[in-house]
Amino acid sequence: MIVLAYGKRRTARAVQGAPAIEIVDLRVRYPGSDRLALDGVSLSVSPGARVALVGPNGAGKSTLLKTVAGLLPVSSGHIALFGHPLEACRHQVAYLAQRSDLDWGFPISVRKLVMTGRYPRLGWLRLPSREDWRAVDEALARVQLSDLAERQIGELSGGQQQRALLARALVQEAAVLLLDEPLNAVDATTRQVVADVLASLAAQGKAVLVATHDLDRVQAEFDDALFLLDGRPIARGVPDTVRRLEQVFGEDCFNFVHSP
Ligand code: ADP
């Protein structure tokens with residue numbers, strides 16, 4: 001049973017048998033835009049499932065992740081987590097933005113960056129406890145960054161930055177993880193660390209939704225897939241998604257989806 005609560009004020013339990021993420025007929029329009037960025041997207045993710053979001057640039061993958069993270073308003077449709085409205089359990093969502101969306105010149109050490117993932121649990125004005133620092137150090141070890149803990153984040157390679165973001169999400173201890181292109185332009189060590197961590201999170205019953213261009217990984221490491229095109233769902237399931245990608249983009253589809 002996943003308990004969605006922490007602290008004294010939040011006491012909710014997952015509704016028995018409810019999906020970890022349930023998205024029903026979602027439509028999202030950016031303020032000032034005359035077109036829908038997401039149009040009629042439905043998706044159900046079970047606890048313990050790893051689901052890939054696939055599609056070319058502009059398909060709506062980031063928009064979907066940001067909306068489930070509560071960062072963009074829903075225009076119509078519904079999102080529930082473990083049977084509760086999204087607004088009631090936003091703290092149960094760990095969202096990893098694309099690496100390029102962040103300011104890596106900000107003067108902060110890797111260890112302190114990872115601690116910021118703990119802030120929603122701390123609340124305002126509470127200082128991190130020894131237990132919080134221990135969680136940070138465990139997460140850094142899990143992503144193989146212990147040796148670089150005191151470095152400035154700007155000194156890290158792209159793959160190391162990705163692993164730091166993953167550690168930051170881990171310390172949140174959320175039940176739902178949303179990752180935007182975590183495998184884009186990273187080294188082999190980072191790919192393996194990300195794959196191992198996602199597998200172990202899924203084994204703990206967490207739900208993992210990942211936007212990715214890496215079709216080989218989708219086939220090897222994901223339980224389910226959703227193919228988006230122009231904000232609309234085109235295919236569902238790993239085999240169907242791969243088959244439809246080939247139909248839509250022809251033999252070059254692998255090159256196409258791998259392009260930045
Ligand atoms: P993907 O992640 O698949 O590359 P996005 O979710 O970034 O796709 O984009 C989906 C659509 O939403 C695109 O048409 C894009 O131009 C539009 N879009 C993305 N961000 C914004 C924004 N801040 N304002 C207006 N439109 C946006």
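Which helix supplies the largest share of the lining of the second largest pocket? The largest share, 6 residues, comes from α4.

This is a predicted model, in which local features need pLDDT of at least 70, side-chain atom pairs count only at pLDDT 80 or more, and totals for chains, interfaces and linings use all residues. Residues are numbered from 1 along each chain as its sequence is written, and side-chain values use heavy atoms, with hydrogens and water left out.

**View A. Crossing of helices α4 and α5.** The axes of α4 (residues 130–142) and α5 (residues 158–172) come within 9 Å and cross at roughly 135° (axes are lines fitted to C-alpha atoms over the stretch in contact, with angles from 0 to 180 degrees between N-to-C directions; helices are DSSP runs of H or I, at least four residues, and strands are runs of E, at least two, numbered from the N terminus). The two helices are therefore oblique to each other (angles under 35 degrees count as roughly parallel, over 145 as roughly antiparallel, 65 to 115 as roughly perpendicular and the rest as oblique).

**View B. Second largest pocket.** About 260 Å³ of space lies in this pocket (an open set of points on a 1 Å grid over the protein atoms alone, where a 1.4 Å probe fits, with protein on both sides within 12 Å along at least five of seven lines; lining residues have an atom within 4 Å of a point; points are joined across faces, edges and corners, and a volume is the space filled by probe spheres set on them). Of its 16 lining residues, E138, R142, L170, V171 and E173 are the closest to the centre.

**View C. Largest pocket.** The largest pocket has a volume of about 580 Å³. Among its 26 lining residues, Y95, T116, G117, R168 and Q172 are the closest to its centre. Strand β6 (93–96) and helices α2 (110–116), α3 (119–122) and α5 each supply at least two lining residues.
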